[in-house]
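Let's take a walk through a protein together, looking at its open spaces and at some of its charged side chains. Have the 3D view ready so that you can follow along.

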Amino acid sequence: MSPRIDREELTAFRKFFHEVFTDAERDAFKADPSLWEKWVNDNIKATADWYPQQVTMSPESVWRTRNTSSLSRNVFFVAGARAFGIPARIDPVTAKTQWADSNGMWIDVLTDANTDSSKEPQGTLRLTYSPTPSIPDPKYFAHFTLSKVNKGNPQLLNYPDFAPMTSIFGAPEALDAGKYMLMSGQRMADGSVLARIKIFDVPADQNITDTLVMRQDSTGIQVIGSFDSESLYTPLETERPRSILSTTGRGYYVLGIVKPNDEPSNHALRDIVASASELQECARPILILNTDMLSAEKMDQAIMSGLPGIVTRGCDINGDIMYKIAEGVNLGSTQLPVFIIADTFNRVVFVSQGYTIGIGQQLVDTLHRLK
């Protein structure tokens, strides 16, 4: 029932196909979809030479010109099939053009203009992974991808963006038999990526189990999560919310959320006071938030007055910032205090939660390594 097949503009293709094909032709195609595939192979020429940018033509234009790109031909096939009452699609993962039989089995078509439709033999793949605190369950596209290698060229499988690994490959996933490339990567704070590529086979009618590996580097600073620098907070001196980005400017910054009459929070702030001169030299903005204005007023003013001059204070009124931090770096709770170092490209490279010894010096050391 979907009106769009791939990424093409919407057109009234059903009406068009009913106008250019007779009732008898449409009935014949519906009764035997292979006849529709044969008609497309015999009448529509697909070439990559004329369409280097892969702009999708409308089904009506394809019918009129009879020359088009492979993608536009495939969209044309699916559009016609749907107009005739044949379930059809371009598979969102493999990009194969398919129609479904009465049992709901998807049949591959247009695999080659000179061959009949076929169903490739399949095997299954299951991936295992050893969770880390920063990446408990790797996400597709963000942390790893899988490509099928066809004639030496990897073709990316388009599983849903950011789908957890366990939701795709936690159980055996059916794949066409053949050679595959598993790529994983973890971005470092300096922009480099710890990448890993593995090539392996998925034989027909066999169940393969492999391990997804995320490379680690204990000597470098890794991107361990994300946080939206456009998040709003309320400065102490005004009731008008503003974004973190508008306060810190571009680059790295420190963000902390603390609470009053709380020893872990007070200890962390004293550590920051002790490292005030070094933090000032780092010249990275520091934003320290309370949960509300009353909490901000209850903070130990003797401690707060010793903070470095690069500190801005404010409130996370509705808890939105704390929620985003907990979600973005996979914290198990909203326990305070929490400190992060992040940049305005939304990359988090440092996080500390709860009672921590020497947080001031940890911030200084990390900020120096980011220069």
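How much space lies in the second largest pocket? The answer is about 550 Å³. Keep in mind as you explore that this is a predicted model.

To find that pocket, look for Ala-142, His-143, Val-223, Gly-225 and Ser-226, which are the closest to its centre among the 23 residues that line it. Several elements contribute to this lining: strand E10 (178-187), strand E13 (225-226) and helix H12 (320-328) each give at least two residues. Sorted by class, the lining has eight nonpolar, eight polar and seven charged residues.

Now turn to the largest pocket, with a volume of about 1,200 Å³. Its lining is made up of 41 residues, and those nearest the centre are Thr-94, Ala-95, Lys-96, Thr-97 and Gln-155. Among the elements that give two or more residues to this lining are helix H5 (70-84), strand E3 (88-90), strand E4 (97-100) and strand E9 (173-176). How do the residues of this lining divide by class? There are 16 nonpolar, 11 polar and 14 charged ones.

Hold on to Lys-96, one of the residues nearest the centre of the largest pocket, for our next stop. The structure holds 12 salt bridges, and one of them joins the side chains of Lys-96 and Asp-176, with N and O 2.0 Å apart. Are the two partners buried or exposed? Asp-176 counts as buried because its relative accessibility is 9%, and Lys-96 counts as buried too, at 17%; the cut-off for buried is under 20%.

A second pair to look up is Arg-270 and Glu-263, whose side chains meet in a salt bridge at 3.7 Å, N to O. Here Arg-270 is partly exposed, with a relative accessible area of 41%, and Glu-263 is partly exposed as well, at 39%.

Further along, Arg-347 forms a salt bridge with Asp-343, and their closest N and O atoms are 2.7 Å apart. Asp-343 is buried, since its relative accessible area is 2%.

Notes:
Residues are numbered from 1 along each chain as its sequence is written. This is a predicted model: local features need pLDDT of at least 70, side-chain atom pairs count only at pLDDT 80 or more; totals for chains, interfaces and linings use all residues. Side-chain values use heavy atoms; hydrogens and water are left out. On a 1 Å grid over the protein atoms alone, a cavity is a set of points where a 1.4 Å probe fits but cannot get out, and a pocket is an open set with protein on both sides within 12 Å along at least five of seven lines; lining residues have an atom within 4 Å of a point. Grid points are joined across faces, edges and corners, and a volume is the space filled by probe spheres set on the points. Helices (H or I, at least four residues) and strands (E, at least two) are DSSP runs, numbered from the N terminus. Ala, Val, Leu, Ile, Met, Phe, Trp, Tyr, Cys and Pro count as nonpolar, Asp, Glu, Lys and Arg as charged, and the others, Gly among them, as polar. A salt bridge is a side-chain nitrogen of Lys or Arg within 4 Å of a carboxyl oxygen of Asp or Glu. Buried means under 20% relative accessible area, exposed over 50%, partly exposed in between (1.4 Å probe, protein chains only).
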